[in-house]
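Visitor: Hi, could you walk me through this protein? I'm new to structures.

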Amino acid sequence: MAAPGENLRIDGDRLWDSLMEMAKIGPGVAGGNNRQTLTDEDAEGRALFQSWCEDAGMTMGVDAMGTMFATRAGEDPDALPVYVGSHLDTQPTGGKYDGVLGVLGALEAVRTMNDLGIKTKHPIVVTNWANEEGGRFAPAMLASGVFAGVHDLDYAYGRKDLEGKTYGDELTRIGWKGEEEVGARKMHAYYELHIEQGPILEAEGKDIGVVTHCQGLWWLEFTLTGKAAHTGSTPMNMRVNAGLAMSRIFEMVQEVAMAAQPGAVGGVGQVTFSPNSRNVLPETVVFTVDIRSPDLDKLNAMRAEIERRAPEICAELEVGCAVEPVGHFDPVTFAPELVENVRNAAERLGYSHLNIISGAGHDACWAAKVAPATMVMCPCVEGISHNEAEEISKDWATAGTDVLFHAVLETAEIVA
């Protein structure tokens, strides 16, 4: 089949307008978004997305995890669909583009096909995966994980937020619990457009990241148990200080990650103290260690070292230590034929490009377990993401969506 002509381009202004319109829902306090999964704001964003999809002539399906699938019919009723998408949920202090660009870029690709009268052999399904972020309900990429058979539905429904509310109850509450069996759909291929969430593309002056791999991840949730005591009147040698044990574990995680260089990262982004009072030593500290590497052996060695040393640190302070893995995926190698489609599209359209390994996890990582999959990335300013200061340019968004559009057409096969 002939490749799409280089003159075929998406409408960058319309894409940008859609991004800004979605950003009005769940505004953050500093210019970004707080549209966490299964909140009222998430429900509002979903409704807007559904209306746009229906305006574009697509039909909407929703599965039992709350993932949305908007289908543009293909010419061959027996051809499996090409899935394209990402997520609309955000971090509590998230940006306007993380995930959202992938969903609305996919929608813009369909709108452009409609404008140009393009028909494809394969149907195209624009997808909004539920709970990609994992900020409210761990683990991240929960719905796509159930879809791929990594998690079961009961496990997902039982996940709790910090207030003790469960995923299943909140999904029902907001009215987006669908009838479809999760994972019953079959994919011909899966594409995902995303901002890089790192500084490489901007630093190298490249328009497009051709994503060849995604590094693996472990999230290890630690629960440290000390003794609540007055910070002013408890002698230093009589304290059972869970906070001190936590700080030493933080230092140890840093040491382990640095010893695993190059190609490894580790850190902590979430901590909960109880009772969390200024003048009370914590009785309980809960935090999650996040370690990542594209090398599976290195990733697992880091986990083993952290889990070996943390109890030793706690034992010296007479602090209890429990650890539970709450998120994991192995490093992913994306489908070479789809990666080549992305690279060819960038070259055909005249966009500079660079092979890149994704530092963050994405729904594409789980989709790759059930179908050929890959990703397209565009730069973001200074690599800042999961932050309300997250920013991209209209030109970057347009370039990424142009490449997505062409790669999807290559796979979905234009019908003359």
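Guide: We'll take a sheet, then some annotated residues. This is a predicted model, where local features need pLDDT of at least 70, side-chain atom pairs count only at pLDDT 80 or more, and totals for chains, interfaces and linings use all residues. Residues are numbered from 1 along each chain as its sequence is written, and side-chain values use heavy atoms, with hydrogens and water left out.

Visitor: What order do the four strands of the open sheet have?

Guide: The order is S10-S12-S8-S13, with antiparallel pairing. Strands are DSSP runs of E, at least two residues, and helices are runs of H or I, at least four, both numbered from the N terminus. Two strands pair if DSSP finds at least two bridges between them.

Visitor: Which are the edge strands?

Guide: S10 (265–274) and S13 (320–329), as each pairs on one side only.

Visitor: And how many bridges join S10 and S12?

Guide: Nine, in the antiparallel sense.

Visitor: What holds paired strands together in general?

Guide: Strands of a sheet pair through backbone hydrogen bonds.

Visitor: Which strands does helix H9 lie across?

Guide: Helix H9 (residues 296–316) lies across S8, S10, S12 and S13. H9 runs at about 10 degrees to S8. Angles run from 0 to 180 degrees between N-to-C directions, and axes are lines fitted to C-alpha atoms, for helices over the stretch in contact (heavy atoms within 4.5 Å).

Visitor: New topic. Which residues does the UniProt "binding site" annotation cover?

Guide: His87, Asp98 and His194, according to the unreviewed UniProt entry. UniProt positions are given in the numbering used here, feature names are shortened, and annotations may be inferred rather than shown by experiment.

Visitor: Why do they gather at one spot?

Guide: They span 108 residues in sequence, yet no two of their C-alpha atoms are more than 9.8 Å apart, so they gather at one spot.

Visitor: Is His87 buried or exposed?

Guide: His87 is buried, at 0% relative accessibility. Buried means under 20% relative accessible area, exposed over 50%, partly exposed in between (1.4 Å probe, protein chains only). Its contacts include Asp98 and His194.

Visitor: Where does His194 lie?

Guide: His194 lies in strand S6 (residues 189–195). His194 is buried too, with a relative accessible area of 1%. A polar atom of its side chain lies 3.3 Å from the backbone nitrogen of Gly99.

Terms used:
A polar contact is a pair of N or O atoms within 3.5 Å; within protein, one must be able to donate a hydrogen and the other to accept it, and residues adjacent in sequence count only if both atoms are side-chain atoms. Lists of a residue's contacts leave out its neighbours within four places in sequence.
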